[in-house]
Structures are given as structure tokens and as C-alpha cells.
Amino acid sequence: MQITDIELKDLNTKGFIIKKNILNEEEVNRIKKIILKNKVGKGGSETYYPANNKQLAIKLLKLDIERFLSAVFFLKIKKKLELDKFASIFFGEPAKLLMLDGYHNPISENDILPWHSDQAYSGKLNVEKINSPDLFYFKFFFYLTNVSPNNGCTSYIPGSHKITYAVRSCLFEKKIKYQPFWSIKDLVNIIIKKENYNEIKQKLSSENELINFLKIAENCISNNSFSDYDFHAGPGDVLIFNEGGVHKGSNPTKNERVVLRYLYSKAKQVNN
Ligand SMILES: [Fe+2]
């Protein structure tokens, strides 16, 4: 895989890039076959695969040879595509694979996940320690089936990773009062609070970034089928994104969706 300077710049400014035909047909079919063996869709423990040698060894000790071999294959793909190297370039420092999973979603009228940002404490009302805003992740999100507008694509609001970074920075520096902000609605509520707005604005290069984001967010919240940031992708394409930005898994209305995901963090943040 190659990542051009323009793509790197895009990842930095927009928070995501989409690359076509990264996996070949044979790889797509083999990966799909493995993932479709899982009985449940997203979130079940069987959707996770060993992401490092230690986890691989545990599978081996448990004589779970099938999952061991599946993981070896997924890690081989990671090596071939040099994902470790690219993740390190994105972070600007050594990166490590933190999590590897693959799952399928059946056809549905409901969004797979509504608009949200990660590293946002989900619904936690009490948080003992606020993490540094620099704790965030990059995800390589491989599609094994077709996705399109309102059909399973992972829509992403361009530049929203900068907004959430600004909010996380203000929270970390205790410039604004803690509130969870996993959903886009909660995020907007934090931003528009009179006492927060100026603090957050100061973390951005211009107020326009904030104004534009609020306009888009309004559309996302008021219109369930808002699809301005939806896209077409096919089996073997990859979406690479900063997980801190605001994104959603749109409703797979036309066909089942199968995905394989590699989640990276900075190496110094990984204990194992
Ligand atoms: Fe997410």
C-alpha cells in the first residue's frame, strides 16, 4: 500500500481518507469466509482476534487452532500492507496494533451506530481521571462488501477530529466542566454552552471551524437520513480515520455488511 503526501495531508485536515482496491479478490473472499463464521455481529467476543504474539500464544494454548490461524492470516495482511509503518507515520511516533476485529451486520433500516466520537467517555457521569487529548486512535476499516449512501458506509464529518480535540483539551485542562459527549447531540450541547464556547474556540485556528461544524451537526441531528458525507466503497477498499472525529455507521439497507478493522494507538500507550 502507498500513502501519498496529499492523502497524509487529507488525513490531517479531514480526519479520514478512503483508499480503493487495497485487498485483492482472493484476500477479500478468504477474510469474508472467516468473519461470516462468527455467529453474532458487532461486539460479540468471537469478533475479536489476537492482535499480537502474546494473544496468539493464548489461543494456541487453548487449542483454538482455527482462530489462531485466522489471526495469523489477518496479521500477515497487516504486515504486507505495512499498517504498523503507516500508523507510526500518522501519529508521528511509534504505533502499535491495539485491537483487531471483524464482524458482519445484517440488512437493517437502523444505523449501525449513530453519530458519535470515540474517546468521549460515552455515558459516564463520573470520571476520575480525564485522559490527555493526545490519547486517540487511528483505525484501518476494511470493507469486504459493498457500502454506499445509507447502506453501511462509515460517514465522517470532515475536520470534526479537530473540534473533539479542542473539547478534550479544554476538559483535560479543566477549562470547561466535565460532561460526557459520546453522541453528537451531547457534543453540541457542550460547545454551545456560553461558558464553554470561547474556551473551545480558542483551541481552534478560527471560529469558522466551530461555526461550520455546528451547522453540519445540526443537519446530522435533525435529519436522520442526512447523507452528505456518505460514500461508495467496495470489497477490498479501506477507510482510514482518526477515531476521535465524529462518525457514524449508516444503516445497511441494501446488503449485509462485512468489515475487518485494525485499531492503532501510540506504542507508549500499550501495556502488553
Ligand atoms: Fe466509533
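Is histidine 247 buried or exposed? At 5% relative accessibility, histidine 247 counts as buried; here buried means under 20% relative accessible area, exposed over 50%, and partly exposed in between, with a 1.4 Å probe and protein chains only.

## About the model

This is a predicted model, in which local features need pLDDT of at least 70 and side-chain atom pairs count only at pLDDT 80 or more, while totals for chains, interfaces and linings use all residues. Residues are numbered from 1 along each chain as its sequence is written, and side-chain values use heavy atoms, leaving out hydrogens and water.

## The overall fold

Let's start with the whole protein. It has nine helices and nine strands, which are DSSP runs numbered from the N terminus (helices: H or I, at least four residues; strands: E, at least two). The radius of gyration, taken over C-alpha atoms, is 19 Å, close to the 19 Å that the globule rule gives for 272 residues, so the protein is as compact as a globular protein of that length. That rule is 2.2 Å times the number of residues to the power 0.38.

The C-alpha trace spans about 55 × 40 × 40 Å along its principal axes. Of the 272 residues, 51% count as buried. Among contacts (heavy atoms within 4.5 Å) between residues at least 6 apart in sequence, 82% join residues at least 24 apart.

## The iron site

Now to the iron ion. Its protein donors are His116 (NE2), Asp118 (OD) and His247 (NE2), lying 2.2 to 2.3 Å from it. Donors are N, O and S atoms within 2.8 Å of the metal (3.2 Å for Na, K and Ca); water is not among the atoms, so sites may look incomplete.

In sequence, the donor residues follow the spacing H-x1-D-x128-H. Histidine 116 in strand S4 (residues 113-116) and histidine 247 in strand S8 (residues 247-249) are 131 residues apart, and the pair links distant parts of the chain. Like histidine 247, histidine 116 counts as buried, at 3% relative accessibility.

## A buried asparagine

Asparagine 151 sits in the loop between strand S5 (138-143) and strand S6 (154-156). Its relative accessibility is 2%, so asparagine 151 counts as buried.

The side chain of asparagine 151 makes a polar contact with the side chain of asparagine 255, at 2.9 Å. Such a contact is a pair of N or O atoms within 3.5 Å; within protein, one must be able to donate a hydrogen and the other to accept it, and residues adjacent in sequence count only if both atoms are side-chain atoms.
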